[in-house]
Amino acid sequence: MSLQEDLESRSGAKCELCTSTNNLSVYDVKPSITGGGGVDGSVLACETCVTQIENPEEVDANHWRCLNDSMWSEFRAVKVVAWRMLHRLKKEGWPVDLLGMMYMEDDELSFAKESGDHLSESEKIIHRDVNGVILEAGDSVVLIKDLKVKGSSMVAKQGTAVRRISLDHENAKYIEGKVGPTQIVIITDYVKKMTEKE
């Protein structure tokens with residue numbers, strides 16, 4: 001079975017957020033590095049939900065009253081998206097009450113926090129590459145110079161691609177990613193964000 005078929009089977013062919021049956025597709029909950037992807041890291045979602053998740057300026061708060069039900073889902077990815085959207089909508093008032101009732105395991109909560117949706121704009125740490133381009137968890141970058149890896153004899157060569165990075169939520173200069181089998185911390189001044197085509 002395909003991923004879409006697995007999710008349709010799990011959800012009864014309904015959007016796992018608002019229960020719509022129209023224009024359903026697989027929504028991969030970012031960042032994939034910490035657990036997105038596959039059945040456990042994806043949600044079957046309608047076009048309306050996906051558009052509003054990906055375009056915060058288009059959010060219709062009333063549409064998301066559906067979270068009153070979907071936040072109780074037994075599936076991690078559904079809970080994570082519900083938690084993130086409730087945080088985005090906190091200024092509406094009613095989402096604060098729902099967040100107060102919501103229960104999440106530690107790993108679910110850390111996955112949910114990866115997006116930074118729970119932080120106010122002033123609290124968000126913005127990671128930027130050498131050219132000032134904003135980096136997000138799950139992005140791919142390329143090293144712009146040879147880097148010695150602390151604690152080993154390894155040198156990560158200029159031009160090496162580091163895929164599916166994760167962000168340090170306390171320091172805007174640090175990202176993490178794998179070079180070969182090794183997970184390393186990289187300073188953002190030494191990377192350039194890769195485009196989709198690269």
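This is a predicted model: local features need pLDDT of at least 70, side-chain atom pairs count only at pLDDT 80 or more; totals for chains, interfaces and linings use all residues.
Start by selecting strand E2, residues 42-46: 5 of its 5 residues are buried, so the strand is largely enclosed by the rest of the structure. Buried here means under 20% relative accessible area, with exposed over 50% and partly exposed in between (1.4 Å probe, protein chains only). Strands (E, at least two residues) and helices (H or I, at least four) are DSSP runs, numbered from the N terminus.

Residues are numbered from 1 along each chain as its sequence is written, and side-chain values use heavy atoms, with hydrogens and water left out.

E1 pairs with E2 in the antiparallel sense over 5 bridges; strands count as paired if DSSP finds at least two bridges between them.

Then select Leu17 and Trp64. These two touch the most other members of the largest nonpolar core, which has 35 residues. Such a core is a set of buried Ala, Val, Leu, Ile, Met, Phe, Trp, Tyr and Cys residues joined through side-chain atoms within 4.5 Å. At least two residues of this core come from each of E1, E2, helix H2 (47-54), H4, helix H5 (94-101) and helix H6 (106-113). H4 gives the largest share, 8 residues.

Stay on Leu17 and show its neighbours. Leaving aside residues up to four places away in sequence, Leu17 touches Val43, Ala45, Cys49, Ile53, Trp64, Cys66, Ser70, Val78 and Val81, where contact means heavy atoms within 4.5 Å. For a second, separate core of 15 residues, select among others Ala137, Ala156, Val162 and Ile175.

Now move to helix H4, residues 76-88. Its 13 residues reach 18 Å from first C-alpha to last, close to the 18 Å expected at 1.5 Å a residue; the expected span is 1.5 Å times one less than the number of residues. H4 is mostly covered, with 12 of its 13 residues buried, including Arg76, Trp83 and His87.

Finally, zoom out. The protein has 6 helices and 12 strands, and buried residues make up 40% of its 198 residues.
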